[in-house]
Amino acid sequence: MEILKKPLLTEKVTQLTEKLNRYAFKVDHRANKIQIKGAIEAMYGVTVKAVNTMKYVGKLKTRNTKAGAVSGRAATYKKAIITLKDGEIIDFYSGI
């Protein structure tokens with residue numbers, strides 16, 4: 001099971017990072033906080049102070065086509081907000 005799927009880089013998360021030293025990741029929906037903490041520490045070599053998780057249920061989507069209305073659902077995912085120890089950062093752009 002790959003625990004970390006991808007980092008979330010939005011304006012809201014960027015403000016959290018600058019003010020409170022928090023980062024957001026999309027994670028596997030079966031992962032718990034202990035597994036997420038271990039994966040972050042192993043991948044980025046930082047000390048995690050806290051992990052907060054939330055589940056997002058996919059929205060119901062409908063669109064009109066020639067054949068009539070087509071309905072479906074956006075994907076459900078789990079998001080983790082990671083708080084790092086003071087003075088530590090994660091640099092997502094160092095590999096470029």
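Two exercises with worked solutions on a predicted model follow.

Residues are numbered from 1 along each chain as its sequence is written. In this predicted model, local features need pLDDT of at least 70, side-chain atom pairs count only at pLDDT 80 or more, and totals for chains, interfaces and linings use all residues, while side-chain values use heavy atoms, with hydrogens and water left out.

**Exercise 1.** State which elements the protein has and what its radius of gyration is.

Solution.
- Step 1. Helices (H or I, at least four residues) and strands (E, at least two) are DSSP runs, numbered from the N terminus. The protein has 2 helices and 6 strands.
- Step 2. Their order from the N terminus is β-α-β-α-β-β-β-β.
- Step 3. The radius of gyration (over C-alpha atoms) is compared with a globule rule of 2.2 Å times the number of residues to the power 0.38. The protein has 17 Å, whereas a compact globule of 96 residues would have a value near 12 Å.
- Step 4. Along the principal axes, the C-alpha atoms fill a box of roughly 55 × 25 × 25 Å.

**Exercise 2.** Determine whether threonine 83 is buried or exposed, and find its partners.

Solution.
- Step 1. Threonine 83 is in strand S6, residues 77-84.
- Step 2. Buried means under 20% relative accessible area, exposed over 50%, partly exposed in between (1.4 Å probe, protein chains only). Threonine 83 has 8%, so this residue is buried.
- Step 3. Contact means heavy atoms within 4.5 Å. Leaving aside neighbours within four places in sequence, threonine 83 is in contact with Leu20, Asn21, Arg22, Val48, Lys49 and Ala50.
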